[in-house]
Structure formats: C-alpha cells, structure tokens
Amino acid sequence: MLAGKVILCLCQDVTIDDIDRAVSLGYDHPETIKRFTAAFMGPCQGKACHDAILEAIAARTGADPSSLRRPTARPPALPVRLGILAGGEPADAPPGAGASAEG
Amino acid sequence: MPIPGVARGGLRRTYDVVIVGGGIQGLALAYELSARGLRDICVLEAGYPGCGASGRNGELVRSAFSSVEWATFFDASLRRWRDLSVELGFNVLFTPAGYLVLASTQEELDRCRGFAARHRDLGLVTELLGDREVRELAPALNPELVAGGVYQPDGGFAHHDAAVWAYARAAARRGVEVHPFTRVTGIRTDGGRVLGVGTTRGEISTPVVVDAAGGHARDVAGMAGVPLPTTTHRLEAIVTESLAPFLRPALATLHLLGYCHQTTRGELVGGTEQNVMEPATSLNGSLRGLRDMAQKFVRLIPQLAGVRLLRHWAGIVDVTADLAPVLGPVPELEGFFLDCGWVYGFMGAPAAGSLLAEAIDSGNVPELIAPFSIERLRAGDYIRESSLVVTLGDA
C-alpha cells in the first residue's frame, strides 16, 4: 500500500503515485511530466532520478523504457553560484580567494 | 498524448481552420474561435504543445508600455489574464504581484515619467515611483541602480506551462483537435486563395490557415509564398534554486536590459539581452549569454551572488524590425492569417487569440490589432515602443 509513496525524485518529493497520476491525467511524455511534476527541475536536475522516473512512466504507459528520452539536460552540470559566473568572488569564499579580474 | 486534451485519433481530410503551431498563440486562438461557435478547428504542432517559446519565456504580464498601440493592446490582454483561470477552468497561476519598470538613471526616470503620463491618458493604472518608493517596494535591489520607475500594481506573472495546458484543455472541450508531433510540410494555394496544408501525417483541405509557428513563422509563411520580413533570434534565460521570498513584483530594468521575477516556488527566473541580438536558430545557451545574465542579476540584486544557478536555456523568436507582432490577414492571399512576430507573446496571447478570432470570424480586423498588420512592415511604418527590454542591435 505504501509502494506508491516511494519517492523517485528526491529534490522535489515526486512519488510513484505522482507519476501515475500525471500519466492518468494525460501527461505521459517525459518533457511534460517534468513540467507537471517538477521532477528533473530540482538541484540535481534529474541526474539522481531519471532512470527511475522513466521506468515509472514506462510501467504506466506500457512504453519500452529504452524508447523514452530523458528531458534535455541543461547547463550547468552542477549548481553554480551566480557570483562565480559573474566573475566575482563566491559569497562564502574567504577574503582574497577569488582570482577573477572581472566583478 | 503528451498533455491532456490533445487528439488521440487521426487527422481528418478537411477542416474549416488549420492553425500551424500549438504554442500559447495557436491554442488561445483555437479556443477563441471555438468560443465564437466555429467548428472543425485543427491545431498542428511539430513537437508537444508549448515546447517552443511558450514554455521558455519569462512569463511576465504587463500593459505598462510606452506606445498607444502596445499599451492598449496589452491592457486588453492583462484584463483577460485576471480571470483566465476561472474562464478556462484551470489554474494558470496568474499572480498580480505588481510589475516594476525600473529606472536607474535620471534620463530613464524622465522616460518613465512620460510613460506614466501616457498611461494616465489611456486610463491604465500605473504610478510613477521615486527612488525611496522603489527601495521600499523591492528592498533587495541594489540602491545604486534605483532612481525610480513606473509601477503597475495589477501586472505580474503567470505559469507559462499551465497557461498552455489550460488553453489546450479548454479548446479540446469545445471540439478543437490539437495534433502533436505533426509537422507541416507545405501550404497549397491557388489563385490567391489557401486550399490546404501538407503534413507529415497526410494532406488536409482547408480554406483558412493561420501561421502561429513562433520561431518558425517565417518558414511557414514561406510555404504559402508569403515573404515575412522577420529575423530569428535566440533569447536566453536562467532559473536559480528556490529561495525564501525576497522579490515581490515582476521587474524589467531599462538600464540593464533585463527582466526577472521570483516564482511562486521561490526560484528567480529571468533573462537579459545584450546590445547586439544576433540572428540565431540554435536552442543551446551560450557562455556569453550566461555571463551577461549572471553579471547583471548579481549587480541588480547583490544577494544573488551566493545563490546557485540550476538551469540555463534558450528559446527562439522570429521578430519584426519594430519587435511588435504581426497579426491579421495577408492582403494578397485569401484565407491566410498571421499570428506571429512575437517577443512578448506569452503576455499578449489572451488578447491576440480573442481579437484575431474576431478578425477571422467576422472579416473585420478589430481596432486594437489593426496597427500590427503586415502592411506596416512592408511600408516601413514601424510602431515606436520605447519601454522594451529586448533590442535588435541596430534598433
């Protein structure tokens, strides 16, 4: 009975039941399930959960799991502080740790 | 069936109206046509509904523009946004948290003063704010960039995917067929009339075709032999991790050419433009664009320096020389209508759908969209709107 409560996406607390519900409503494509459930949209961007999510979609839709393409991975590969991308020092870096000339 | 409401069956051989493009424009138009009693309407979408710019935009909503043409049209849209969730029976998460057009210099504040005077004349509810008022409204902003601004209390933002889904479901309930993963390959015409479209799933006969193909609108118009004077550009955006509430209104900055808002989930979503918007059709973000956004948003909201970026993406828009949309019929080709050239298409969709549906149904182009004709582009009679935060390099 608790099987449906298994959390597949740890970032956004998306469960097997959430995937089943999305598919039963009509969101049965990995890209639209991403947008409907927020799976793939947390800090890990799906790296920890995409196999489990695609398997859950396949189990519910009857699709071959290998035929499902995970949503396009967007940069960055890991979350990056905007201050680093901006060329300044990261907010939690010790004074003088940054080496960028732009700020 | 990627979203609720899309057609499960095959294509029919004949429709009364075929809309090319299942983004928010095409879906809103289909909904409005069906609401006027038209039947046998088909929306053809090459991917899944909303996969283009409709799901990639900054999802902001305002009517506080500088020109009569933009302000009156987008005010009609803003009024529709307020009740859209109720009308469509689906929560589009429209959040009237306010919309601030930020001025960072005295010159920009003077421009904002002009905008506010125009808004008063047009009956729009906006306020000219000084630096102190803006700092109270948005304390997270870097005070060095706050000279004042124009504030529209009932502007805000909505959820772009939810709005697409809402229109698709509402249209489907009225009998509209939305066919995903169906690409248009040609448009048949004869003697100055539209006859039908070719698709990857077969031929369709129809007397009315609407080009609502977003970033691909020029290609679709070309299939009908209609040269569209547009260029395709890439716009980029970012989203951060979720944060406790720190920014209430939606925001556009004239000084930095950027826009952002904090979503109901707590993320900062926004984009910036650079002075040269180069033609591009790639959906890959660029390092240059990413650095521009990071530098500007950290400067605008210093606390963001320590906040993590989660995603960076891009979308394409097919834009006109004056960055205004192209709405309405094409004089030399009966049955062919344009609903394209959009940059502010998400916020404009409710009004565009309604008014273009009226034009198609009645044969008369409503006054609010008449300025956005293709004839203006052909004549070089451009609309002058000066509160935009996108720019063409030479505009």
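Modeller: What follows is an account of the side of chain B that touches chain A, with some context on chain B itself.

The model is a predicted one, and the values below are computed from it. Chain B has a secondary structure of nine helices and 19 strands. Its radius of gyration is 20 Å, close to the 21 Å given by the globule rule for 395 residues, so chain B is as compact as a globular protein of that length. The C-alpha trace of chain B spans about 60 × 40 × 40 Å along its principal axes.

Turning to the contact, chain B contributes 29 residues and chain A likewise contributes 29 residues. The size of an interface is often given as the accessible area lost when the parts come together. Here the two chains, B and A, bury about 2800 Å² between them, and 58% of that area is on carbon and sulfur atoms. On the side of chain B, the residues that lose the most area to chain A are Tyr48(B), Leu310(B) and Arg311(B), which together account for 22% of what that side buries.

Polar links also cross this boundary. The rule finds eleven residue pairs in polar contact between chain B and chain A, with both residues at pLDDT 80 or more. Four elements of chain B each supply at least two residues to the side that touches chain A: helix H5 (160-173), strand S13 (231-240), helix H7 (287-300) and strand S17 (308-319). Of the elements, S17(B) gives the most, with six residues. Sorted by class, this side of chain B has 19 nonpolar, four polar and six charged residues.

S17(B) also takes part in strand pairing with the other chain. Strand S3 of chain A, residues 80-81, pairs with S17(B) in the antiparallel sense over two bridges. Within S17(B), Arg308(B) stands opposite Arg81(A).

As for charged pairs, the rule finds one salt bridge across the interface of chain B and chain A. Asp161(B) forms a salt bridge with Arg35(A), and their closest N and O atoms are 3.9 Å apart.

Over all chains, the structure holds 23 salt bridges. One of chain B's joins the side chains of Asp40(B) and Arg12(B), at 2.7 Å from N to O. Asp40(B) lies in the loop between helix H1 (24-35) and strand S2 (41-44) of chain B, and Arg12(B) in the segment before strand S1 (17-20), so the pair ties together parts that are 28 residues apart in sequence.

Note on methods. Residues are numbered from 1 along each chain as its sequence is written. Chains are lettered from A and ligands numbered from 1 in the order in which they are written. This is a predicted model: local features need pLDDT of at least 70, side-chain atom pairs count only at pLDDT 80 or more; totals for chains, interfaces and linings use all residues. Side-chain values use heavy atoms; hydrogens and water are left out. Contact means heavy atoms within 4.5 Å. Buried area is the accessible area (1.4 Å probe) that two parts lose on being put together, summed over both. A salt bridge is a side-chain nitrogen of Lys or Arg within 4 Å of a carboxyl oxygen of Asp or Glu. A polar contact is a pair of N or O atoms within 3.5 Å; within protein, one must be able to donate a hydrogen and the other to accept it, and residues adjacent in sequence count only if both atoms are side-chain atoms. Ala, Val, Leu, Ile, Met, Phe, Trp, Tyr, Cys and Pro count as nonpolar, Asp, Glu, Lys and Arg as charged, and the others, Gly among them, as polar. Two strands pair if DSSP finds at least two bridges between them. The radius of gyration is taken over C-alpha atoms; the globule rule is 2.2 Å times the number of residues to the power 0.38.
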